[in-house]
Amino acid sequence: MKRELTCIICPIGCSLEVEIEDGVVKSVKGNTCIRGKKYAETECTAPMRTVTTTMKCDDGSVVPVKTDAPIPKEKMFELMEIVNNSVAHLPISVGDVIIENVFGCNIVATKNM
Amino acid sequence: MTDLVIVGSGPAGMSAAIAAYEAGIRDILILERDNRLGGILGQCIHNGFGLHRFGEELTGPEYAWRYEEKVRAMNIPFKLGTMVLDISEDKVITATNEEDGIFQIKAKAIILAMGCRERSKGALNIAGTRPAGIFSAGTAQKFVNIEGYMPGKNVVILGSGDIGLIMARRMTLEGAKVHAVCELMPYSGGLARNIEQCLNDFGIPLKLSHTVVEIHGKERLTGVTIAKVDENRRPIPETKEYITCDTLLLSVGLIPENELSKSAGVSLDRVTSGAIVDQDRQTNIEGIYACGNVLHVHDLVDYVSEEAEIAGKSAAAYIRGEKAESISVGIKTDGKIRYTVPQKITQNKDVNVYFRVSDVFRNVTVAVYKNGEKVFTKKRPKVAPGEMESVKLSCEIFSDCNELEFRLEQN
């Protein structure tokens with residue numbers, strides 16, 4: 001089976017052509033770097049996404065946060081629910097872990113508050 | 001008298017300040033309208049910034065913080081909440097803030113780094129009523145990411161620029177339903193990766209060659225009528241379709257904010273709406289430089305920082321009174337290449353020339369002609385209006401000529 005993808009790793013956005021056999025990636029064409037090949041392989045087997053969002057702080061403001069590693073794509077909305085039901089405590093510095101170990105990653109702050 | 005005044009503290013302003021500082025200039029002042037440094041990056045909480053500069057994917061606030069940390073460590077002075085009202089041709093800046101009232105500063109050199117603003121609904125002439133619920137994508141982004149408010153629940157987005165795509169994902173993650181992204185052109189103005197991860201990931205339809213033809217609703221937006229457009233971008237009546245929605249986001253282009261540049265007598269390029277500059281990003285006024293989105297709208301902040309460093313370094317050299325032998329080479333384009341930055345070369349050194357194309361072209365060669373003779377070529381499998389291109393020209397090309405022509409040729 002052939003699958004066409006757009007690589008999302010960097011702004012170049014290479015068009016990838018992936019050959020899949022029995023759920024295993026046999027070949028990747030169109031990538032300009034090794035990261036594109038890796039992306040195609042995970043995208044066709046277990047797609048992952050980094051999520052960025054905001055979280056409520058205890059003074060009513062919001063702090064931007066991100067997952068410090070990509071999480072399974074199908075868990076994005078569950079992660080949003082966890083973040084939206086949590087409150088971050090001020091003061092916060094860039095890189096502070098706000099929630100530990102959600103779907104194999106940490107939620108970290110991306111701004112000083 | 002201040003050596004260097006920088007208007008704006010976004011990625012361009014901070015990067016220019018740091019470059020000037022590193023080139024030995026200490027008497028610097030940054031003027032910033034907002035109450036924090038960083039410019040628009042503060043609300044761009046998504047990742048994808050800094051891959052070129054830092055080799056890692058940062059969010060907007062993180063990218064800005066890398067520069068703010070340096071500005072603070074270098075003790076470069078800045079004034080927040082400060083609005084520049086006027087810049088005169090002899091480099092007197094009139095500004096105002098709560099603390100100082102209205103004040104004037106005379107500068108040896110000025111770097112314009114005011115960024116750009118979004119094209120508004122008024123520029124689009126959409127028929128219908130004028131209800132609440134219509135926002136520029138950037139305004140919605142500020143509401144959601146800075147203020148923590150959702151502007152609506154059922155959304156249509158007009159324009160497929162990157163901010164529109166990013167907001168489609170952002171609103172979806174926060175629980176809104178994005179019904180469609182309509183794009184007037186037959187191609188998207190956004191990056192391919194954003195169509196993939198912001199639309200396709202969530203099953204949001206991208207309707208190319210479509211536009212919003214009517215707005216409905218009295219107090220609040222109740223829906224929009226969209227239609228397909230023909231090759232002359234005129235709506236086809238029989239393709240009209242009504243979409244119920246409470247929010248319309250506009251992502252229909254960015255315009256460099258050059259009111260101050262005009263008052264200073266800076267000549268603007270009609271295509272970029274930014275200043276006409278040389279390889280140092282110096283405008284037609286000696287000692288006034290421009291960089292970042294006020295000069296031309298960039299796709300990637302990494303390139304903004306790079307350009308601002310050129311301006312900062314060059315301003316430092318100007319302040320120190322360094323003079324290089326000057327030449328005068330203009331750059332002409334063929335229309336398929338819409339514009340170049342810089343638009344002119346005034347010193348004999350290697351130069352990266354950035355440009356944008358007018359349409360999607362495949363298998364093309366960027367050719368540079370000097371006195372009718374082809375002196376440089378670069379092959380590209382695909383070029384698109386949404387993606388800035390560049391070529392590196394070595395200084396030999398500039399000898400014995402006063403004009404270069406950039407052409408896009410089919411292979």
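The answer below starts with the contact between the chains and then turns to each chain.

A: This is a predicted model. At the interface, 21 residues of chain A are in contact with 20 residues of chain B. On the side of chain A, the elements that supply two or more residues each are the strands β5 (52-57) and β6 (62-67) and the helix α2 (76-84). The largest share comes from β5(A), which gives four residues. Sorted by class, the side of chain A that touches chain B holds nine nonpolar residues, seven polar ones and five charged ones.

Chain A itself is divided in two: domain 1 covers 2-45 and domain 2 covers 52-109. The centres of these two domains of chain A, taken over C-alpha atoms, lie 29 Å apart.

Along the principal axes, the C-alpha atoms of chain B fill a box of roughly 65 × 60 × 40 Å. Of the 411 residues in chain B, 48% count as buried. Among contacts in chain B with a separation of 6 or more, 64% are between residues 24 or more positions apart.

Note on methods. Residues numbered from 1 in each chain as written. Chains lettered and ligands numbered in written order. Predicted model: local features only at pLDDT ≥ 70, side-chain atom pairs only at ≥ 80, totals over all residues. Buried ≥ 20, exposed ≤ 12 C-beta atoms within 10 Å, placed from the backbone. Contact = placed C-beta atoms within 7 Å. Domains from an automatic or database assignment. Nonpolar A, V, L, I, M, F, W, Y, C, P; charged D, E, K, R; others polar.
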